[in-house]
Amino acid sequence: MKNTLGLTFFPAFDWYLSPGHPERQERLLYTRDQLEEEGLFDCEEIKEYRPRLAEIHDLQRVHVGVPSIARLITPAHLTSAGGCLVAADAVMQKEVKRSFALVRPPGHHAMRVVHGIRGFCTINIETIMVEYLRTKYGINKVAVVDTDVHHGDGSQDVFYHDPNTLYISFHQDGRTLYPGTGFPDEAGSPGAWGTTINLPLLPTTGDEGLHRLFDGLIAPMLEDFQPDIIINSAGQDNHFSDPLANMQITAQGYARLADKLKADIAVLEGGYSVESALPYVNTGIILAMAGLDYSRVVEPDLSELRPQDVRCNQRVDELIKQSGEIYFNRAKMQKAMMDKCNGVWTRKKHIYYDEEGIREEQIETIRYCSCGGYFTLKTAAEGTRFGDQSAFIVCLPRQACKKCRDKAHDEALKEKKTQKWMYVLIQDIATGEIETV
Amino acid sequence: MLLGIDVGGTFTDAVIIADGKVFAQAKTATVHENVLQGILRALDMVLQGNDSQITRVVISSTIVTNALTEHQLDPVFLAVIAGPGMNVKNKFPVQPYEVSGYVDHRGKVTAQIDWSKHTDLLNTKGKGAAAVSGKFAVRDPKLELELAKCLRKNGYDPVFCASELNGELNFIRRTNSAYFAAATYKLFNEFAKDILQALTQRKINAPVYILKADGGTLPLNEAMRQPVEAVFTGPAASVLGIEALVAPVLPAISLDVGGTTTDIAFWENGHPLMAKHGAVIDGFPTAVRTFHMRSIGIGGDSQVIKQSDGTYRVGPQRIGKAVAVGGKEVTLSDALITCGLVHFGDEQAACEAVGKFGEARVEAEKIVGNAVQQIMGTIDSMLAEWAKQPVYTVEDVIKGTEFKPEVLVGVGGGAPGLIKALGEKMRLPVDIPTGGMVANAIGAALSRPTLSAALRADTTDGYYIIPESGRKEKLPSNFGRKKAEQVLKEYLQQKTAEWNLPDQDVELVAYEFFNTIHGYYDSGEIFNLRMQLKPGILHKLTVVDKELNIDGQEQTL
């Protein structure tokens, strides 16, 4: 097939979180100006797509909203999610070789359970796209490479028990940046250990360190995993001019990464240097994905660019070793952990929704079975726009067997009888149906 | 009295319109090698003593289109300031000379032209036409103007500045427009001089206008500064003609069925829809505005070929007159006659000719079916293209921008039968106005000037710019949307006066407003506006009482 890129560009000029917020109308204005002025939409290698509205059940293959996802979103969210679905369709129906959903609002901080907005995100648009690809096209193995400067804790949460999704996130070290997570030892629950790979980089890491990490670890892992499809969560806030972070990546660094990664579908995430970075980074990524010459995409002002600290490469080398061991020894570790947990694995989570000041407590429990099992979520949140709320949620993965489904229903009914929960919900991941018990 | 002349692929038409009706009309064969000759003949036929009362002349000609399609272009020196971004190699009809310097998307000059790198340019004498274009010159034309000045000093004449020809974003399209303007300048200028001389000889001193691809008129002397705008005017004239005859109020699809081709356009609220992008000339995208239309090689005189599998292929070749009016081979018109969809000429002869393929009625329906199918395919792809227009706001996504036609309008010689068949197939009502035989010339005669300009203001920067004027000015106090509209309106009115155009309403066609934030606290505002003189025609035809028949003979209705 010809080297073509499907571009779904949706700048949402009428959507913002609050006046002056980084997620404001202006965010993709200069990117729009740059892409139009470059004449990119006229390139025969680039095909333009318009977003459609996603359906609620598309969202519910990933999310369980409390009280419901429909009450938590705006039409803007359906549009950016729908933009990703259009991008996915264009690739799967072989209209184009690759796709880039250059859309907002973004999504990678939205977790499975949603009480409100966190990290500018309400719904997780890439994970919604991944589950859509699985339902509609029967895709199984997926690799998601998250190149946003922030740890994609929402995507990690969604894929944490899924051994068929390799989720790789490199980001600025969580000790120095929101959301404060994303360390190598967060590598997945026992059945999926080693398929979540967190690569926290030191502040000031630049193109050199990033590509050292890509060549030394990310590329070999992708080569080994043999995914059916590669998704790029294409955040652009590793840029040296980003006001929210402290990295030193350039437009060339991003474009070369896109060129090497050869993602089938890229989805925009963060990136808040709206004037000095986004126009150039996006031009670079688009040209690279379309197989065009991107060597001339250089920011006109490189005066803010600092050399990376000598310690940055040391950290990269440590990660290549440490995370490489986690990934390449994952089968052995999975077996050991499964043997140890005795069929049930539980973790507690404290989740803070920075945008709305919501505090959520969660207990997540997986009950393993030869089919993969199912999991439950006990959630209680304070300070949501609906007041304090709680729910008991059962999630049925695609492969869940009849026995697990029955067991899960029984558990939901039992919890309902305790009257401890405001909502008792059962999520069917394959269909996106959510049943209220 | 208004004089309109339309040079088409087959015929050159002329009309005189007075008191809301066609006063005189003429049709003559187009002389492809000498367009002017055909124009003068049509002119002389239609004038016949009416010369002194002509108050306005509008010409829609193929002169620029022919030059472009036949590559009769003058050499052009193209110099661009591309700066960082996409590689522009092979993006233009000629390899450009690249000049250093850069203006960014906010209109900030981030790098000046480094003349020490361009001593070759400074030290070589230039000659002939040149075009210059800078990326984001529509945000600040400083570097582009500096480059143009340098080329003029070195002997290039004329020098076209891309940002003055078009104020919209798209460096590649603006550059190509400027290139084609420079490449057709000489030819168009000679044509304009010949026209003026011929009119003077005929004692017509009325102002002369050229029809543009967007259906507007341009004073002849202005057209010399932007000749590329005079490309593809035939279809534009046809659209204006339909506007004069019917101006469909419901969402409509119009089909102008000529002898060789059918021009298809979309209508909403009585106006034709404009294409969202400029015309593509010789494979290169330009900024020349056009209607959202397509031409398909199917007309009344289209050749009919029976294929080995028993199906038919209509067009795109034209083979001359229908059998019904003395032709030798079966045309689409003969099939339409056989189907009883239209009545003219020797219907018996038409039926017999079609009958050579098999049972006349059955075969005729198959032939018409193929023509209808081809047209529907084109309409479908136009609908799909329209539906794929980008949307930038949630509101537009929800509202949708689909076009849903409710009526078909047919004009031109081949229209009556073909459009009826199409309407049946598409389950849409059909409107076939009378007077459609010289619709193009009527459209030309009644067209109005179009003029549009953009204004961008960035309060952080403290300036506003109207790219078409090439000026960047300090923001007046109390600047806001109202002031922005007022400034742009005044510019358009001033331009209208300079061009001696009649007063016309100015309308706002695009508006964007953004609050901007720099750092965490400083904020500013960005305004993007585009205004234009209200497009359309001077007035509708009030009475249509004469029609040219298929042989070009005038008959009273």
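**Exercise 1. Determine how helix α6 (residues 207-225) and helix α7 (residues 251-261) of chain A pack in this predicted model.**

Solution. Begin with the geometry: the axes of the two helices lie 10 Å apart and form an angle of about 15 degrees. Next, apply the cut-off: angles under 35 degrees count as roughly parallel. Therefore α6(A) and α7(A) are roughly parallel to each other. Their crossing is right-handed. Then list the residues in contact: α6(A) contributes Asp207(A), Leu210(A), His211(A), Phe214(A) and Ala219(A), while α7(A) contributes Gln252(A), Gly253(A), Arg256(A), Leu257(A) and Lys260(A). Finally, sort this contact by class, which gives four nonpolar, three polar and three charged residues.

**Exercise 2. Describe how domain 1 and domain 2 of chain A meet.**

Solution. Next, count the contacts: 23 residues of domain 1 of chain A touch 32 residues of domain 2 of chain A. On the domain 1 side, α2 (56-60) and α4 (125-137) of chain A each provide at least two residues. By class, that side holds nine nonpolar, nine polar and five charged residues.

**Exercise 3. Characterise the side of chain B that touches chain A.**

Solution. Start with the contact count: 31 residues of chain B meet 37 residues of chain A. Then identify the elements of chain B that give two or more residues to this side: β8 (109-111), α6 (171-201), α12 (394-399) and β26 (506-518). Lastly, classify the residues of this side of chain B: 17 are nonpolar, eight polar and six charged.

Notes: Residues are numbered from 1 along each chain as its sequence is written. Chains are lettered from A and ligands numbered from 1 in the order in which they are written. This is a predicted model: local features need pLDDT of at least 70, side-chain atom pairs count only at pLDDT 80 or more; totals for chains, interfaces and linings use all residues. Two residues are in contact if their C-beta atoms, placed from the backbone, lie within 7 Å. Helices (H or I, at least four residues) and strands (E, at least two) are DSSP runs, numbered from the N terminus. Ala, Val, Leu, Ile, Met, Phe, Trp, Tyr, Cys and Pro count as nonpolar, Asp, Glu, Lys and Arg as charged, and the others, Gly among them, as polar. Axes are lines fitted to C-alpha atoms, for helices over the stretch in contact, and angles run from 0 to 180 degrees between N-to-C directions. Angles under 35 degrees count as roughly parallel, over 145 as roughly antiparallel, 65 to 115 as roughly perpendicular and the rest as oblique. A crossing is left-handed if the near helix is turned anticlockwise from the far one by less than a right angle, and right-handed if clockwise.
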